[in-house]
Amino acid sequence: MSFDKTTKRIQWDEMYRYAKLYYEKHGNLNIKRDFRTSNGWEYDENGVIKLGQWIKDQRKITSQESEHGQLLSQIGMIWDAK
């Protein structure tokens with residue numbers, strides 16, 4: 001595996017952990033695009049984790065049938081959110 005793929009897999013895995021924390025606290029992934037956090041589940045306007053944007057991006061770039069898509073579906077991903 002190349003460095004770039006390893007880095008992307010680490011960044012994806014970390015963001016997935018934050019999404020899973022959010023799901024465990026709120027029971028859904030209905031996250032607004034501008035949701036920022038420091039711990040994964042509480043809004044923090046100064047938070048460096050842009051979880052809402054990441055979720056929005058995953059809807060665009062991730063296939064529901066892919067490994068990542070299946071993991072996100074298991075924690076309540078809303079694929080057709082408007």
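Author: Start with one term. A polar contact is a pair of N or O atoms within 3.5 Å, where one must be able to donate a hydrogen and the other to accept it. Keep in mind that this is a predicted model.

Reader: What makes the link between the side chains of Q58 and T62 a polar contact?

Author: The distance is 2.7 Å. The cut-off is 3.5 Å. The side chains of Q58 and T62 therefore make a polar contact.

Reader: Where are Q58 and T62 placed?

Author: Q58 is found in helix α2. T62 is in the loop between α2 and α3.

Reader: Why is Q58 called buried?

Author: Buried means under 20% relative accessible area. Q58 has 4%, so Q58 is buried.

Reader: And why is T62 called buried?

Author: The relative accessible area of T62 is 12%. The limit is 20%, so T62 is buried.

Reader: What does Q58 touch, leaving aside neighbours within four places in sequence?

Author: Q58 is in contact with W12, L72, M77 and W79. On a count that leaves out residues up to four places away, T62 touches H68, G69 and W79.

Reader: Which helices and strands does the protein chain have?

Author: There are 3 helices and 0 strands. From the N terminus on, the order is α-α-α. Of the 82 residues in the chain, 30% are buried.

Reader: Why are the buried residues of α2 said to line one face?

Author: Those residues are L51, G52, W54, I55 and Q58. Seen down the axis of α2, they fall within an arc of 165°, so they line one face of the helix. The face turned away from that buried side carries K60 and I61, which are exposed.

Reader: How do you know that α3 has a buried face too?

Author: Its buried residues are H68, G69 and L72. Down the axis of α3 they fall within an arc of 100°, so one face of the helix is lined by them. E67 and Q74 are exposed on the other side of α3. After α3 comes G76, with a positive phi near 90°.

Reader: How many aromatic pairs does the whole structure have?

Author: A search finds 4. One of them joins W12 and Y16.

Reader: Why is the pair of W12 and Y16 called stacked?

Author: Rings pair if their centres lie within 6.5 Å. The centres of W12 and Y16 are 5.3 Å apart. Planes under 30 degrees apart count as stacked. These planes are at 10°, so the pair is stacked.

Reader: Why are W12 and Y16 separated by about one helical turn?

Author: Both lie in helix α1, residues 3–26. They are 4 residues apart in that helix, so about one helical turn separates them. Both W12 and Y16 are buried.

Reader: What makes the pair of Y22 and F35 edge-to-face?

Author: Its centres are 5.3 Å apart. That is within 6.5 Å, so the rings pair. The angle between the planes is 80°. Over 60 degrees counts as edge-to-face, so that is the name for Y22 and F35.

Reader: Where in the chain do Y22 and F35 sit?

Author: Y22 is in helix α1, and F35 is in the loop between α1 and α2. They are 13 residues apart, and the pair links distant parts of the chain.

Reader: Are Y22 and F35 buried or exposed?

Author: Y22 has a relative accessible area of 8%. F35 has 9%. Both values are under 20%, so Y22 and F35 are buried.

Reader: Which residues do ring pairs link into a cluster?

Author: W12, Y16 and W54.

Reader: What makes the charged end of K25 sit over the ring of W41?

Author: The charged end is 4.8 Å from the ring centre. The distance limit is 6 Å, and the direction must also be within 35 degrees of the ring normal. K25 is reported as sitting over W41.

Reader: Why is K32 called exposed?

Author: Exposed means over 50% relative accessible area. K32 has 64%, so K32 is exposed. K32 lies in the loop between α1 and α2.

Conventions. Residues are numbered from 1 along each chain as its sequence is written. This is a predicted model: local features need pLDDT of at least 70, side-chain atom pairs count only at pLDDT 80 or more; totals for chains, interfaces and linings use all residues. Side-chain values use heavy atoms; hydrogens and water are left out. Helices (H or I, at least four residues) and strands (E, at least two) are DSSP runs, numbered from the N terminus. Buried means under 20% relative accessible area, exposed over 50%, partly exposed in between (1.4 Å probe, protein chains only). Rings of Phe, Tyr and Trp (its six-membered ring) pair if their centres lie within 6.5 Å; planes under 30 degrees apart count as stacked, over 60 as edge-to-face and the rest as tilted. Contact means heavy atoms within 4.5 Å. The arc is that of the directions from the helix axis to the C-beta atoms.
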